[in-house]
Amino acid sequence: MEKSTPQILNGSNHFLGRLFKIVCATALEWPQWWKTLSPFQKVFPAASIGVYWLSLFLLKGFRTDHLTLGIVLLLLSYMGGNGRVFLRFALPFFLTAIIYDSQRFYSDLIRGPVHVSEPYRFDKTFFGIQTPQGILTPNEWWQLHTHPALDFISGLAYLTFFSIFILTSIYFYFYLGKKGTPKISAPDVARSASRMPWAFLWVNLLGYSTYYWYAAAPPWYVALHGLGPAKMDTPANVAGCARFDQLLGTHFFTGMYGRSADVFGAIPSLHIAYPLLALLYSFQIGTARTFSATFFILMCFSAVYLNHHYVLDILWGSAYTVLMFWATNKICDQMENKVSRL
């Protein structure tokens with residue numbers, strides 16, 4: 001049954017009331033909290049953001065979103081204990097964003113030879129589809145069988161995949177970490193969920209490093225430029241995502257891919273790494289498994305359908321994700337065991 005307007009207003013008032021209480025409590029506790037900090041803890045956040053901003057200015061790469069990011073980090077660092085709790089949880093996400101953005105300054109200096117034909121031929125050999133025109137890769141076949149409904153669904157998945165992972169992590173840690181699940185207790189949920197951001201960081205770092213020792217052209221590049229030597233001045237391309245923007249009359253993907261850090265970073269697919277990581281943790285925690293599995297499958301399809309990734313990229317990204325999920329849990333377990341023995 002749909003909620004009535006008074007019920008919705010009461011729910012909103014309840015939320016605003018709780019938020020107001022948190023703000024008031026933080027303000028009252030702040031002076032005492034500030035006294036508990038060491039000089040290093042007081043200075044380090046501001047000094048770090050200052051160095052970050054100065055470096056971007058010197059590199060002539062400072063943008064307004066860098067200003068916003070720095071302000072958010074400063075607010076979380078200096079707004080008291082609640083802010084520091086959220087910052088400790090979200091720090092890997094912020095670090096990932098900073099590292100990803102920084103690649104535009106050095107990617108061309110450290111990138112190895114770009115592989116254009118190998119990923120294409122791999123998919124054609126192992127996943128090729130026989131047609132009257134010859135054998136086509138799954139990407140090529142889907143570009144001949146597009147549909148507005150698929151454009152909308154896959155474009156929406158591509159647009160929200162990062163946000164969904166963040167929200168899932170927050171839900172696991174801050175909500176289920178207090179409630180628990182039928183499978184494991186609240187403390188165990190919080191322990192598992194606190195590892196999600198770090199696994200996210202490690203899988204991204206492993207993926208970014210691969211961009212340089214095995215640089216690879218995406219399928220849209222082959223569709224536009226063929227299998228010849230890589231054209232290093234090629235700008236980022238929205239590929240099949242353009243159909244989503246055309247369908248809705250928007251420019252979401254144009255702005256997003258205009259800031260792509262590396263055109264030749266198709267392997268591994270990190271688009272599917274995040275949903276798979278959420279799926280692995282949903283099974284470990286014991287909740288949201290159907291949603292996570294469905295979204296992961298949708299992202300695998302979308303990556304190919306929108307002509308951004310080969311099947312090879314998906315397999316490579318999946319292998320990295322499973323590896324980092326296992327490694328993060330293993331390392332965290334060992335660290336916790338050492339601390340408990342002290």
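## Exercises on salt bridges, packing and surface

Arg63 has a relative accessibility of 24%, so it counts as partly exposed; on this scale buried is under 20% relative accessible area, exposed is over 50%, and partly exposed is in between (1.4 Å probe, protein chains only). This is a predicted model, where local features need pLDDT of at least 70 and side-chain atom pairs count only at pLDDT 80 or more, while totals for chains, interfaces and linings use all residues. Residues are numbered from 1 along each chain as its sequence is written, and side-chain values use heavy atoms, with hydrogens and water left out.

**Exercise 1. Find the salt-bridge partner of Arg63 and say how accessible that partner is.**

Step 1: A salt bridge needs a side-chain nitrogen of Lys or Arg within 4 Å of a carboxyl oxygen of Asp or Glu.

Step 2: apply it. Arg63 pairs with Asp65, with 2.9 Å between the closest N and O atoms. Asp65 is partly exposed, because its relative accessibility is 28%.

Step 3: run the rule over the model, and you get nine salt bridges.

**Exercise 2. Work out which parts of the chain Arg195 ties together.**

Step 1: place the elements. Helices are DSSP runs of H or I with at least four residues, strands are E runs of at least two, and both are numbered from the N terminus.

Step 2: take the Asp333 pair. Arg195 and Asp333 form a salt bridge at 2.8 Å, N to O.

Step 3: take the Glu336 pair. Here the closest N and O atoms of Arg195 and Glu336 are 3.2 Å apart. Glu336 is also in helix α15, so this bridge ties together parts 141 residues apart in sequence.

Step 4: check accessibility. Arg195 is buried, at 5% relative accessible area, whereas Asp333 at 34% and Glu336 at 35% are partly exposed.

Step 5: join the pieces. Asp188, Arg191, Arg195, Asp333 and Glu336 make up a network of salt bridges.

**Exercise 3. Describe how helix α14 meets helix α15.**

Step 1: geometry. The axes of α14 (residues 289–305) and α15 (residues 311–341) come within 9 Å and cross at roughly 145 degrees. Axes are lines fitted to C-alpha atoms, for helices over the stretch in contact, and angles run from 0 to 180 degrees between N-to-C directions.

Step 2: residues. Contact means heavy atoms within 4.5 Å. Phe296, Cys300, Ala303 and Val304 of α14 meet Val311, Ile314 and Ser318 of α15.
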